Amino acid sequence: MYKKSVRGILIKGNKTYGEITEQVLASQEKKAPLWWYFAMFVFSVMFLAGIWAIAMTIKEGIGLWGNNNNVAWGWAIINFVWWIGIGHAGTAFSIFLLVLRQRWRTSINRAAEAMTVFAVLAAGLFPMIHMGRIWNAFFIFPYPNTRGPLWVNFNSPLFWDVVAISTYLFTSAAFWYLGMLPDLATVRDRSKSKIKRKIYDIASFGWVGSARSWLRYEVTAVIVGGVAAPLVIAVHSIVAMDFATSVFPGWHTTIFPPYFVVGAIFSGFAMVLTLMIVIKVAFKLDDFVTEGHLDAIGRILTFVSLIMGSSYATEIFIAWYSGVEGEMFTFFHNRITGEYAFQFWAMVTCNAIIPQLFWFKKVRRSLLMLFIISIIINIGMWFERFNIVVTSLSKDFLPATWVEYHATNIEILTYLGTIGLFGVGVLLFIRYIPMMAMNELKMVNKPTSTIDK
Amino acid sequence: MKKYWKSTEELSEMVQQNSPVRTGEQEPEFSVEGLDEAEIKQGLKSNRRDFLKMLGFSVGFASLATSCETPVRKAIPYLTKPEEVTPGIANHYASTYFDGHDYASLVVKVREGRPIKIEGNELSSITQGGTSARIQASVLSLYDGNRQQFPLKNGEHSDYSTIDKDVKTKLGEIAAKGGKTVILSSTVISPSTKQLFEAFKEKYPGSEVVYYDAISYSAMKKANKETFGKKTLPAYHFDNAEIIVGFNCDFLGTWLSPIEFSAQYAKTRDLTNGNKKMSKHYQFESYLSLTGSNADVRYPIKPSEEKTVLLNLYNYIAGKSSMDILKAGKSPVDISKLADELMSHPSKSLIVSGTNDVSIQVLVNGINFLLANLGGTLEFERNLQIKNGCDHAFANLVNEMNEGKVDALIMYNVNPGYDYVDAEKFINGMKKTGLTVSLSSKNDETAKHANYVCPDNHYLESWNDAEPYNNLYSIAQPTIHNIFDTRQAQESLMAWAGIEGNYHDFIQKYWEENLFGKQSEYLLFTDFWNNSVQKGIFETDAETIECPLFDFDYFNRAGADFTKVKAGGDIELVLYESIAIGPGIMANNPWLQELPDPMSKAVWDNYVAVSPRFAKDKGWEQEDVVKVNASIELPILIQPGQPYGTVSIALGYGRTDCGKVGNGIGKNAFGLGETNGDLRSYSNLSATIEKTGETYPLATTQTHHDMKGREIVKETTIAEYAMNQAAGNESHKLTMDKSETMYPEYEFPGAHWGLAVDFNKCTGCNACVVGCQAENNVAVIGKEEVKNRRIMHWIRIDRYFSTETDEINSPVVSENPEVLHQPVMCQQCDNAPCENVCPVAAVLHTKEGLNAMVYNRCIGTRYCMNNCPYRVRRFNWYRYLDNDKFDYNFNDDISKMVLNPDVVVRERGVNEKCTFCVQRIQEKKLVAKDENRPLRDGEIIPACVQACPTKALTFGDTNLKGSELNKKFEDQRAYGLLEDLHTVPSVQYLTKVRNKDAGHQGEKHHS
Amino acid sequence: MKNRFTIIPVFFLFTFFSTFNLNAQNTAPAEWATCSACHTIGKGRLVGPDLKGITETKDEAWLISFIKSSQTMVKNGDAEAVKIFDEYKIPMPDNNLTDDQIKGILAYIKNYKEAPKEEPKKEEKAVGPGESKGHEGSGSMKTHEVTYGAGNTRTVFIVFLLLFFFSLIDLGLTKIIKAKFIHYIIILTSLFIIGEIVYVEAAALGRQQGYSPDQPINFSHKVHAGQNQIDCQYCHTGINNSRHAGIPSTNVCMNCHNVVKSGALTGETEINKIYDSWENKKPIEWVQVHNLPDYVYFNHAQHVNAGKRECTECHGNVEEMDRIVQVNDLSMGWCIECHRTTKVQFEENDYYKSFVELHEKIKSGEKGVITVEDIGGTDCSACHY
Amino acid sequence: MENKRIIGVFDDEKNLFDSIDLVQEKGYKISDVITPFAIEEIFDKLKLKTRINIAAYFYGAIGGVLGIYLSLYYMAVISYPLNIGGKPTLSLSFVILIFVGTILAVVTGTLMTFFIIDKKGPGAKEHFQYEGITDDKFLILIEMTPDLSAEDVKKINAIFKNNGALKVDEK
C-alpha cells in the first residue's frame, strides 16, 4: 500500500495521529519548565555580554582583539567557519535525507534546520563585526552607484562568501519555514487564546492542508531542497576557498573544499546529536527520537570521522611530498610539533580518534557517551579551524614577521555572545515552534511504527 | 626647485593660509591654527543636506547620514600672499643640520610655510644627499610641543628684555670684578658662532668657552696631537680603502660622521658596475653594532681585549717593518692573517677605533701610519670638526664649579645634567655658580636648574652656518617663523654681548669678511650669498699641507704604562649609542622611539643585551630585570653577537625632562660610564649585574631571527661571485624558466615602476624607515601596540642572523652570527595575491604597475593582509588620529603640522601600505607634462630612496630601456623575494656578496 | 536615476563644445591678465582707457616705455602721457615686463577680435547680491528639483511614506477600500518612489550640487569675470601650477580696488569690506563652494595646464553667476565619465613619448583616440592616495 | 455565494483511500481532500498535477544563467574593467557566482510561485476551517453543485459512512 519501504521503527508506541500532535506540542502548550527559564537566563546573559563586546569593538576598533599584522584573522574567522560548519549540517541533514528519501529524518529535521538558521545567523555576525569599517559594509554589494559606477571584485572569495552565505541563509530559512507551515497551522488550530491564534494565523500563511496545496507544497519542498543540496556543498566549498585561494602554506590546498564540507557535516551532525539528546531527555520525546536515530547519527559520525582523519593525513602527506620548505615547516614544525602542537593534537584526538568509539554498539547506545562525544567533536572542530587560521598566518614565508596570536577577552566574549544567541534562538524555537515536523511524523507514523506488527 | 627667500617676516603671514591636512574620511579639514570656534559652530549648524537625518531614519541611515555630514568649509586666503608661496606647491630650501652630534646638509621641503620633510642635499660633498634616521626625524622635533615655549626666569614665565637686562647686568658685574664666566657649549661648527663667542669674550673679559660633547672623542684628538702633532680629527676616506678594520667603531651608525662614511663605504661594496672586487671589512667589537653587522669578518672581543689585539697587530706590522715592537700579551684572536692582508694593501687600508682611550688611538694611528694610510684613506688636510669637546677642560670646569670658582655659566646646546658621567656633581656645581643661563630649547635636566632659560630656536627656525670640515661650508636657513616665543641662542648671546642686529646679518657679515674672498666666481657679495644660500653649501679647496709623521718617540715618553692592559672582570659592560636615539637629544621624538633598533628590533626601551650563551650560563632570561652596578634596573635582552662575558646598554634613554613622549622611556646609562678625571670612557670593565627577580616586558618588532634555510636573503662570497655572477642566485633562473601563467598578461603602456635593493650597499641604518614615516604620515602606535605586533611602518628592515651551524650553544651562533638586513616594502606585485581577494576592489593594479590601495574604499576585512606573503600591509587597528590613547604626534595641532598634505591620514579600520610614494610619482609626472617633456630617469625619488645614505635603493621605470633601475634588474644578482609564488614583484633584490673566504667566519675561542 | 548616467555625457559634450567656441580666438598672453584688470579691448572704459586700436594710434616705442613706467613719462613731461593722466587721474602702476612681453601684449591687442556675441542665457537662479538671505544652501539634487519642484522632495517623500503605511494597514486590518488591487498599486508605486528618493538622496549625501552659500562679501563673478573680462588666472593664480586654484589674497583685490572704490550693483558697501579686511589685517573668510572629500586628490594644474581643460567644464559658466553655484555634483562617476571620454594631449605633449606601444597602435590604426582612461586615468591611485 | 460541500471526516487514511476510490467510481467529482500530512496516493487518485517544477527550471535557466552572467559581464568587463591581481577582468570566478546565483533564483522564484498560485502568505485567510483538520482528521470535500441531486448526496453519505467515516457533515 505504501510506496516507500522503510527500515526499523522510527516512532515507537504505535501512536495515533492525535497523540503525535499532543506529545510534540506538549513542550509549548504546557508551562515551561524551570530549567528553560534558567537556560534562557544564562544564554541571555551570554548574548548580552557578546553584544557589549561587539559594541566595544565597533566603538574602539578591531584593536581590541588579539589580531596583529600577521594574524589578521583570528577568533572571529575561526568562529565564523565553525558556526558555518555547524550551520551546514542542519540543512545537509534535512536535505540530503529528503533527497535520499530517508524517512528517519522526520523526527530530527526541524530541529536540525532551526539549528542551521541560528548557527548561520551567529556565523554571519562575524564577518560583519570583523570589518574595520562596518559602516561601509554596503560597499560589498554590487549596486549601481555614482562612483563610475564602481562594482566589486568578483574574483574575491569573500565576495563569493557574501553571495553564498546570504543565499544559504535565505534558502535554509525559507526551507525551514516552508516545512513549518502545516505545523504552525496545527498550532493555530489548537490554540485557545485569540491573540495566539491571530499570530499563528499570520505565521501559518493560511495553511489548510488541501490535497492541491500538499502537492504543490511537496514539489516546492523537493525543488528547494534539491537545489539547496548543492548549495550546502557550494557554501562550505566557498568558505574553504577563502583559504584555498591564498598562497599560504597550510591554506593553499586543493583538498580544502571537500575537506571543509565534510568537516562541516561532521560538526553539524555532532551538534544535531547534542541537540536531539537534549530534546529527547528534556521533553521525554523518547518515542520520537529513538536509539535508532541516535545510532544512525553515530554511524554517520564514525564514517565522517574516518574521512576527517584521512584528510589530515593527506594534508600532511602532501606537505611532505611537495618538498616545499614552507609547507613542511607549517605542518611538521608548526602544527605537529612546535607552538601549536596542542591545538593540532587536540584536533586529531577529538575529530579522528575519539569518534572511533562509535564502532562499539554500546557507545552508540549510551546517551551519555553520545552526548560527551558529540560535544568533543565540536570542540575538536573548533581546534581544526584554529589550526588552519592561526598556524598558517602566524608563521609563514618570512620568519622575520612571525608572531604569535592570543585572543583577548573581547574576542572570547564575542564568541560566548554568539553561543548565547544560538542558545536563545534554540530555546525560543523549542518553546514557540513545533520542534518536530509533525506532518512528516504523521506521514511516516503508520508505515514505520507498525512494521513489526 | 630649490628656492631661497629673503626674510622670515614674510612667513609670519603664512599661518593664515588654510592649509589642509588630508584626513582619511569626511572629517573637517584641519587648518594650521586648528579649527576656530566659529568654524566649528558653523559646521554643527549646517544641516543643509542631511535630509535623511531630518526624517529620523533608522539607526543605520542615521549613522550614515551623520558620517556623511559635510560641514561648511572655510577657505581663508592669505592677506598678502608671500611671493614664493603657492598653496599646494612645495618649496625646497637648502639647510644644514647640526645638533652638536650629527651633521648633514639638507634640503627642507616646505608646504604652505610648514617644513614637512627633510631630504639630503645632493650638492654636499660630505653627506652626498644622504640622511640618517635621526635627521629624517628632526623635522618632527620642530613641532614638539614640549619645547620650552617662552623664556624662564627662575622657573617663572618671563620675557627677553627682562632677562637680557638681568644677564647683562650680572655679566657686567662679574667681568668688572674679574670673575669667571664660562660658555659651556657643545661642539660648534659654525664659524660665525665661533666668532660670536670671541666677541662675547671680548665684551666680558675673563670669560672662556668650554666645549663638551655628550659622547666624547677627546682621546682621538689627544692621540693625534701626541703622535701627529695635530689636535684635530682627520678626514677619513673609506672609499679609498680596500681593507677596513674597525675596533669598537660604529662608523656606519653613530661614529663621527656616519652618513658620510656610509656613502664612502657603500662605494667600496658596489658590484653593479661590473666590479668583481670589493673592500674587505674586519670588525672587532664588544657589542653587535650596525657596522659590525655589515662586516665581512667580525671578531667579538671584550672591551678589555681591544688593546691587546691592537698591540699585537701593531707589533706584527711593526715587526715586519723592522720597527721596535711593544710589550704585548697574547692576542685572543689570531691577527697574523689580517696583518698580512693589511700589509699587502699599502695605503689602501684603514684602521679606526671608537674607544675613547688615548693609548688605543695612538696604536691605531701607529698602524695607519705604518700601513702608509695617511694621505690615502685618512688625511689631515681636511679636519673633521664636528667633535671638538675636551673632556679634560670639562672635568676641570665641573671641579671649578664645585669649588665655587665659576661665577657665571651660559650653557648652549648641552645637557650635562643628563649625559655627564657624574651628572649630580655637575648639577651641584651649577648650584654653586652665581649665574646660570641655559640656552637649551627645552627645560631639560640641566636647564631646569638654571636661573634663566632662553629657549633656543629649532634649527629649522634659525639662520646658521657650518663648517664640518675646514673650508667646506654650509648654510642653515629658517623655513618657518618661530612657532613659540623662542629666540635663537646666538641672538641671545649677541644681545648680551651688545651686538646689534640679528644673527642673519651677523652671519652675512662673517661670510662677507671671511669667505667671500675665498672664491672668485661671484663679483658681488649678494650674488655669492644668495647663491650659497640657494645651494646650501659653499666648498673651497683646502690648503695642502705636508703629511704628518708618526712620532714614534711617543712610546718612550708614555713609558711602561702605555702597554699596560687593564684586566676585565667577570662581566664587562659596554655603553653604546643606539641608531634611533643616539645620545638622547631627540628622545622626545616618537618616530625615533618607535624606530626598531637594527640589531635587537626593540623599540621604546633600552635594555641589557647579553649573548644567548652567556645568559644561559648566568641564568638570565629575556625580560628578566637586572640591576646594573647597583644603580639602574633594566631588562635583559638576548642578543646574538654580544661577546661572551660582556653586556651592552644603549645610551640616550631615561630622559626625565624631555617631554611627554620620551620621559621615563628606558633608563639613563650615562651614569654607568667611567671617568678617570680626564677622559670619559663608555665601557666599564668590571660591572656587576644582579637579577632582581622581576620581569619587564620588551616590545620588539621581530622575534624570529633565522631564515629557516629559505632563500629570503641570498648571499654568496666574492670568490664565487667572481667566477659566476649568479652565484647564490641560481634559483632565480630556474624559477623564471618555469614561470607560466594561464592568463593573458596585462600591458603597461607607459611607465612600470620598480625598485631595486642592493644588499651589498644596504647597511640597515633605518633612515628609509623614518623617511617613509615622515613622507607618508605613518602613525606612531606606542610600545603596547608594538608589543601586540601592529607596527605601522610601511618599510621595515628584516634582520636575519645566519651561521653555518645551527648548534644553539656554539660560540658562533651565540656571539658571532652573520647578519643580513633586508628592507621590505610593498613589492607592488603584478600578480598581487592581495588584490585578488579584496571583495570591494579597494586594492587594484594601476596601468603603471602600482598596487594601488584605495583607503576610502577599504572596509577593513583584512583579507589582503592575510594574503600578502611579504607581510607589508598595515591595518589601522585603532583610530590613531586625535586619540588620547595615542598621544604621540597625531594628537595635537602643533605636531600635526608635520603631516604631508598630499597623503591621506588613514582612518580607523582601513588597510594601508607602501605605494612607492605615488604622490611623488604624480607630482613629477605633472611637472614633466607641464614642461612638455618625457620623464627623466631618476627624476622620481620615493622617500625611502631619498633618505638612503648609501644609495642602496634605486627607483625607476622598468619599461624605460637603459634606466638605472633596469641595469640593476638585469644584473645577475637580481631576484624577486618569494618569486616562486609567481607574485611577479616589482621589487628586485641584489644578492649579497661577502668578501670572506668560504667557510671562514670570524671566530674567537672562548673557553 | 538612470537618466543621470545618460545626462552627464550629453551635458558634457555640450559644455565641451560651447567652451570651445568661446576660446577659438587669439589667445591672450599670460601678462594680459594684469592689464585686463583695468583695461578692456573694445568693451569700453574701465579704470583705464579702452585699448582697442591703441596700436594704431600710438607709437610702439612710446607704448613700451609708457607701460613700463607711465609716471616717469608724466614726470618727464611727455605731453601725451600727461594728457592721459589728466583724463583718467589714476596713475597706471609700473610693470616689470620685458620689451618682448609688452610686444606680445600689443600684438594681442592688435589682433584681438571680439567674440561673437552670445545670447546671454536666461538666468534662472540669479540671486542679487543683496537679497541672498534665507537661501542657505538650496540642497536638493537636480533630478528631484526637476521631478518634484525645488524643495518638494521631502514632502513627496513623507506623503508617499504615509500612503504606503496607510494602505498596508488598510490591507491588513481596517479594510476601508475593498478592491485590493488599489492597495497593491499604491504600495508598489509608493515603494518605488520612496526607493528612488532614498537612493538618490543617499547617493547625494555629502554632495553639494547646487550649493551656493552666502559669502562674507557678495562678490560677483558676473561683474568681474563676465563684464570686466578679468582672466580667471588673475585672481586664481594657482590653476596653472598648483593643486589649489587658490582664493586670491586681499592684496590681489587691492590691486584694482585701490582705485575702483564703488561698484555698479552694491555701491561701496561690499567693496568697503575689502578695505576693512586690508586695514584690520584680517583675511576674508570665504566659504568654500567646491568641496571634494579629503581622500580625493585633485590637482588644478593637472587639468588646466597639462590637460588643457577649461574652467567652465567643471565650474559652469562662472561669468554669468552673480553668486557662485556648484553646477556639477562632483561625484566620482562624474569625474570618471570625463576621464573616459576626454582625449589627452597625446601627440602634442612630449611627455607621452614614453608610451611607445600606444603610439604604434595609433599609427597602425588600432587605436584612434587616446583617452585619459588609456593612460591610467581611471586607476584608483590617480586620485586616491 | 459558494456552494455547500459534503464533508466526510475520517481518522484513518486507509478508509479515506477507499472512500475516494468509491466516490470516484461512482463518478462524483471530489472537490478537495484535506489531510494533516501529504499523502502521495491521494495525488494519484485525484490526478493532481503541478507545473511548479517546470517554472523552477525556467527560473534557473533565465534568472540564473542569463541574468547573472550578463550582469556580471556588464559589471566586470564593460562598465569598469579593472586589473585586479593580474587576472582577467572576469576570470573563472563567474562559475561560482552563477552557480550560487542560479540557486538563489530558483529558490526565490519557486517559493514566490508556490505562495502566489496557492494564495498563501502572511495574513492569507484559511479557505476552509474544520475541527481537527490539521491534527488527525482527513476530510473529503464534495461540492454540492446544483446538478448534484439529493439522492447523490445520500449516496455519497452512504459511501462515507460505510467506509468508516467518523462523521459526514455539510458546510
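How many bridges join strand 21 to strand 26 of chain B, and do the two run parallel or antiparallel? There are five bridges, and the strands run parallel. This is a predicted model.

**Sheet in chain B**
- Seven strands of chain B make up an open sheet with mixed pairing.
- Their order is 29-21-26-23-25-24-30.
- Strand 21 spans residues 572-576 of chain B, and strand 26 spans residues 646-650 of chain B.
- Tyr576(B) has Ala650(B), in strand 26 of chain B, as its bridge partner.
- Strand 29 (683-684) and strand 30 (689-695) of chain B are at the edges. Each has a single partner strand, so one side of each lacks a neighbour in the sheet.

**Nonpolar cores**
- The largest nonpolar core contains 490 residues.
- Phe269(A), Val272(A) and Val608(B) have the most contacts inside this core.
- Helix 7 (residues 211-244) of chain A supplies the largest share of the core, 18 residues.
- Setting aside neighbours within four places in sequence, Phe269(A) contacts Ala89(A), Phe93(A), Ile297(A), Ile300(A), Leu301(A) and Val304(A).
- A second core is separate and has 13 residues. Among them are Ala225(C), Cys235(C), Val252(C) and Ala306(C).

**Contact between chains D and B**
- On chain D, eight residues are in contact with chain B. On chain B, 13 residues take part.
- The side of chain D that touches chain B has three nonpolar, four polar and one charged residues.

Conventions. Residues are numbered from 1 along each chain as its sequence is written. Chains are lettered from A and ligands numbered from 1 in the order in which they are written. This is a predicted model: local features need pLDDT of at least 70, side-chain atom pairs count only at pLDDT 80 or more; totals for chains, interfaces and linings use all residues. Two residues are in contact if their C-beta atoms, placed from the backbone, lie within 7 Å. Ala, Val, Leu, Ile, Met, Phe, Trp, Tyr, Cys and Pro count as nonpolar, Asp, Glu, Lys and Arg as charged, and the others, Gly among them, as polar. Two strands pair if DSSP finds at least two bridges between them. Helices (H or I, at least four residues) and strands (E, at least two) are DSSP runs, numbered from the N terminus. A nonpolar core is a set of buried Ala, Val, Leu, Ile, Met, Phe, Trp, Tyr and Cys residues joined through C-beta atoms within 7 Å. A residue is buried if 20 or more other C-beta atoms lie within 10 Å of its own, exposed if 12 or fewer, and partly exposed in between; C-beta atoms are placed from the backbone.
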